[in-house]
Amino acid sequence: MPVSEDIIQRVERLREELDKHNYRYYVMDDPSVPDAEYDRLMNELKAIEGEYPSLVVPDSPTQRVGGEPLAAFTQVTHEMPMLSLDNAFNEDDMADFNRRIIERLASDEEIEYACEPKLDGIAVSLLYENGYLVRGATRGDGETGEDITQNVRTINSIPLKLMGNGFPERIEIRGEIYMPKSSFDALNKEAERLGNKPFVNPRNAAAGSLRQLDSKITASRNLEMCCYSVGIVEGGSLKETHTDSLHCLNQWGLRINAEMKVVKGVAGCLEYYRSIAEKRNGLPYEIDGVVFKVNNLALQQRLGFVSRAPRWAIAHKFPAQEELTEVLDVEFQVGRTGAVTPVARLKPVFVGGVTVSNATLHNMDEIERLGLMIGDSVIVRRAGDVIPKVVKVVEEKRPDNARPVLFPSHCPVCESEVVQLEGEAVARCSGGLFCAAQRKEAIKHYASRKAMDIDGLGDKLVEALVDEGHIKNVADLYTLSRYQIASMERMAEKSADNLLGALEKSKKTKLSSFIYSLGIREVGETTARTLSNAFGTLDKIRNATVNELIAVQDVGPIVANHIVSFFEQAHNNEIIDQLVAEGVSWPDIVVDTADKALQGKTFVITGTLSQMTREEAKEKLLALGAKVSGSVSKKTYCLIAGEAAGSKLKKAEELGIKVMNEHEFIDML
Ligand code: JCF
């Protein structure tokens, strides 16, 4: 079919638009059009190319996923070796690095350093000829890598064709391909759902995704590339400094790190290191340190290399987030709802900034996925502030006397039978409040801040009071004598009086806090509040049927059944009656059937507010009938953004969700 000039022009226009939107979205993190518009343009281009196959070119935005899976990767010899970096582990190492440079350059001025976070991913090289991406290769051993052109073409932050002009005829761009934390979490969640082995960390996930012979698999994994240096340059030149050169790359369509900064001297480097260490958990990708480079390229050249590393650059590393240790034993803990959870007792190891000696193993499925035996050497990971996790068993190190983990048939605390309901991953002790472990957890929950908020009644004290036989249930708390409390370890008369005061104070409460404090399965803070507002009194909740409960917004059949069976048990009602007899009380709520001003609207609060805490802001919104959620999604009605709002603000803007600053929020209230 002949192709009209109109169609050729339309195709060119569509590609230009799509490339531009792609750049704004994936490289600049600053989308210019809604996703739906992008999809419409892409579909139009696909339709035209489908009708006129002669118009298809390799750099068309439709051509990111190549054809057939490869049989094997071919080797690539790097024309210019890909270097590694020397490491610095402390301030002295950094001072030495700076001193060597000053000496070699015989400089009497402070050196200017380009700084950037050191991404924890896979180093790759991209070769562009006349602006077209012709090859992507892994670093490999620095001399030889693998040709992964098909796979890098699927990564949206890598342009198939450089933008603008002024780029050299032949240019090799180097950087790191990585998987953002959120994509890693989603990928592992999916692996778990399907019963597949999860990836140990985002770096392994990125490596695994790049090492696919079928580029469709790579395309399905959300990878990004961030560029940090240039290799071969022919038929053109770069700028005078490293940072200016990187900004050129950015203008040609490549992603560079937004945290990049120029500082003076070693003091500037150390300050940068500290600021990034502080930001580390909040960054959307994993980093394992920061990289410092002499910014002036002429000075870099004068400094040259020692063996495989440049003298003009160094990686100042953060403490490791993964370490090797041994599983000394696996014990089983019993939670408030009777859930029996395996916990690994570890040979203590310093990881992610703390000494770790326990790690939860969640359930038997997890132990099976890991293939874990007692005595195994394991990799423990603690990233951010999350609880430490066993991520891998090192099978080669398994000792001869390794033992399998046997799930107990009876509760390790009360010896009641352990039962696992069909379709549930967790097994539970059937002892209920006969089980001391469940009783202790129930009392800890009752005393906790969002429940009855009993100051000075910590976990250790609850355990000791139960062990001593002073209390069996939450109602017994109010019968404790000053003498009993003062006789406990680390308790004096003064702290006994304080606790008695706190117990007395806790008696004046709110219906929602009281409902929450009962520890009914699946009834969290939010559900407790919903129930209180919907029914108004304890008796109405106690007597509600499953049907009446599910009529309440956000209460489903599972929660409803938990609520009904909780109040069907005589001993639960006895304890509630005892609590009321001891003087625990709350004002009933006048159920307001008329819709409130913000009824059903979902708000998210982020950043720091100056006039109130986030908790207070939440209370105000809830009182107006709004819902308050922790994360931004399409369902969010409005984001309240305080000072230093970060990723949530960005996401809200991406999704086109209304954003209010604190001032506007207060006006609205
Ligand atoms: O982010 C990194 N992982 C990273 C690695 C950053 C850099 O600027 C690098 C690098 C490895 C070698 N620069 C060199 C020269």
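## Overall make-up

How many helices and strands does the secondary structure of the protein chain come to? The chain has 24 helices and 26 strands; helices (H or I, at least four residues) and strands (E, at least two) are DSSP runs, numbered from the N terminus. This is a predicted model, in which local features need pLDDT of at least 70 and side-chain atom pairs count only at pLDDT 80 or more, while totals for chains, interfaces and linings use all residues. Residues are numbered from 1 along each chain as its sequence is written, and side-chain values use heavy atoms, with hydrogens and water left out.

Along its principal axes, the C-alpha trace of the protein chain spans about 90 × 60 × 50 Å. The protein chain has 669 residues, and 46% of them count as buried. Buried means under 20% relative accessible area, exposed means over 50%, and partly exposed is in between (1.4 Å probe, protein chains only). Among contacts in the protein chain with a separation of 6 or more, 66% are between residues 24 or more positions apart; a contact means heavy atoms within 4.5 Å.

## Surface and charge

The protein chain exposes about 34100 Å², and carbon and sulfur atoms supply 49% of this area. Accessible areas come from the Shrake-Rupley method with a 1.4 Å probe, and for residues only the protein chains shown count as cover.

The side chains of the protein chain include 80 positive and 100 negative ones. Lys and Arg count as positive and Asp and Glu as negative, with His and the chain ends not counted. The centres of the two sets lie 1 Å apart, where the place of a charge is taken as NZ of Lys, CZ of Arg, CG of Asp or CD of Glu.

## Helix H3

Helix H3 covers residues 91–105. Its 15 residues reach 21 Å from the first C-alpha to the last, close to the 21 Å expected at 1.5 Å a residue. The expected span of a helix is 1.5 Å times one less than its number of residues.

Which residues of H3 are buried? They are Met94, Phe97, Asn98, Ile101 and Leu105. These residues cover an arc of only 90 degrees around the axis, which puts them on the same side of H3. The arc is that of the directions from the helix axis to the C-beta atoms. Asp92 and Glu103 are exposed on the other side of H3. The buried residues of H3 pack against several elements, including strand S3 (112–119), helix H9 (265–279) and strand S10 (287–294).

## Helix H9 and strand S3

The 15 residues of H9 should span 21 Å at 1.5 Å a residue, and the end C-alpha atoms of H9 are 22 Å apart, which agrees. Among the buried residues of H9 are Gly265, Cys269, Tyr272 and Ile276. The cover over the buried residues of H9 includes H3, S3, strand S9 (261–264), S10 and S13.

Glu116 lies in strand S3 and counts as buried, at 7% relative accessibility. Leaving out residues up to four places away in sequence, Glu116 touches Tyr272, among others including Tyr228, His242 and Lys293. Glu259, in the loop between helix H8 (242–251) and S9, is also in contact with Tyr272 and with Ile276. The C-alpha atoms of Glu259 and Gly642 are 21 Å apart in space, and the two residues are 383 residues apart in sequence.

Most residues other than glycine have a negative phi. Ala106 has a positive phi, near 45 degrees. Ala106 lies in the loop between H3 and S3 and counts as exposed, at 67% relative accessibility. Glu109 is placed in the loop between H3 and S3 and is exposed, with a relative accessible area of 59%. Arg490 also has a positive phi, of about 60 degrees. Arg490 is found in the loop between helix H14 (482–486) and helix H15 (493–506), and is exposed with a relative accessible area of 72%.

Where is Lys650 found? Lys650 is in helix H23 (residues 647–655), and is partly exposed, with a relative accessible area of 34%. Lys650 and Asp30 are 620 residues apart along the chain, with their C-alpha atoms separated by 8.8 Å.
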